[in-house]
Amino acid sequence: MEEHPHVSIRDLAARLGIGRSAVSMALRNHPHISEATRLRVQAEAERLGYRPNAMVTALMSQVRTRRVKRSGETIAYLSAFKTKEEWKHSTLHDGTLLGAQARAERLGFRVEPYWLGYQGGEAARVARVLRARAVRGVIVGPMPLDLGPVELDWGNIFAAAIGYSFGQQHLDRISHNHFNIMRLCYESLYRRGHRRIGLSITQESDDRVQHLWMAGFDTSRKLLKGSMVPPLWLEHWEDHPDSKKRFEKWYWAHKPDAVIGMGGDNPLHWMRAMGVDVPKNTSYSNLDLAHLNQGKVAGVLQNVRAAGASAVDWVVAGINRNEYGVPDNPKSLLMEATWSDGPTVGPRSVPARKKSTG
């Protein structure tokens, strides 16, 4: 590598016979610059020992940021529910989108929901729309596990995913720390004297988080030496007769002193219908406590709005750095949660250990 002190973008442009703006964009891997030109510019910059001026780089970043903010640029939020408006009925998705929209507004951007169709059936049409509207930033919301192929112009957008359910591209991700959330829930029950703690959630909910619910539950039980209560994996999110029957059989077979659930609190309703006094006989806590139930049900508060806001921060930063395409080394941001007391969890007296007579 030749050493040419104080080589500037102007010098590179003169040597290569192209414009300074083209050189600048090539050095930043801008998608509007052809690969051949980009490689040529970067090779010459490396040969001459070009190094960007840190102060100038910071100044130009601020200029580009202000320019983008004034434009009110759109960030697409992708969903693939059964219907276009179904996200409005989900606390997780509605809260995440609202958090993203509020944060984007503060930054001078806007977030718009785009429906990929049921199982992604409209993905090709959405890709054309995003291309026509020159959308550079995308947030991939939680997706169905049976999602069809989503062929976007991944090389020309900066995308981040919410959670683990979208695995077709290895994107940067913003996710709740499901392992720690389960440990927080289990340990909160344990500190209140519970030892026979059971888990009753859908198999799909564990699949969606790469089995981190099960990993956190099993780890907590082993570390705290809780009693072995096998998890009950339900097949239905809704209050299904088969699920209720299976829960009743599981409950009377294992007699947990606390049950961890999520979603619509079906285990709580079933226990009450069975004549179980909650929390006198058995306590109940929710892994994903909706703010509407705070104070009525004990459990863990996942800040879904903060997750949406963080996704916007991530995408805006990528746009401002002119970064596009699927990253070589995807990064993950994990969101922690907090415990919220409620009347469905009560204290338990822990039997004293027997003294040795030996």
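**Chat about the fold**

Modeller: To start with, 47% of the 358 residues of the protein chain count as buried, where buried means under 20% relative accessible area, with a 1.4 Å probe and protein chains only.

Colleague: What kind of model is this, and what are the ground rules?
Modeller: It's a predicted model: local features need pLDDT of at least 70, side-chain atom pairs count only at pLDDT 80 or more, and totals for chains, interfaces and linings use all residues. Residues are numbered from 1 along each chain as its sequence is written, and side-chain values use heavy atoms, leaving out hydrogens and water.

Colleague: How many helices and strands does the protein chain have?
Modeller: Twelve helices and twelve strands. These are DSSP runs numbered from the N terminus: H or I with at least four residues for helices, E with at least two for strands.

Colleague: In what order do the six strands of the open sheet come?
Modeller: The order is β7-β6-β8-β9-β10-β12, with mixed pairing; two strands pair if DSSP finds at least two bridges between them. At the edges sit β7 (232–234) and β12 (338–340), each pairing on one side only. From one strand to the next the twist averages 20 degrees.

Colleague: How many bridges join β10 to β12?
Modeller: Three, and β10 (residues 298–301) runs antiparallel to β12. G299 is the residue opposite S340 in β12.

Colleague: Which strands does α11 lie across?
Modeller: Helix α11 (residues 266–273) lies across β6 (197–202), β7, β8 (258–261) and β9 (283–286). Relative to β9 it runs at about 160 degrees, on a scale from 0 to 180 degrees between N-to-C directions, with axes fitted to C-alpha atoms and, for helices, over the stretch in contact.

Colleague: Switching topic: at what angle do α1 and α3 pack?
Modeller: About 120 degrees, with the axes of α1 (residues 9–16) and α3 (residues 35–48) 11 Å apart. L12, R15 and L16 of α1 make the contact with R40, V41, E44, A45, R47 and L48 of α3, contact being heavy atoms within 4.5 Å.

Colleague: And α12, is that helix mostly covered or exposed?
Modeller: Mostly covered, as 13 of the 17 residues of α12 are buried. Helix α12 (residues 304–320) reaches 25 Å from its first C-alpha to its last, close to the 24 Å expected at 1.5 Å a residue; that expected span is 1.5 Å times one less than the number of residues.

Conventions:
Buried < 20%, exposed > 50% of the residue type's maximum accessible area, 1.4 Å probe, protein only.
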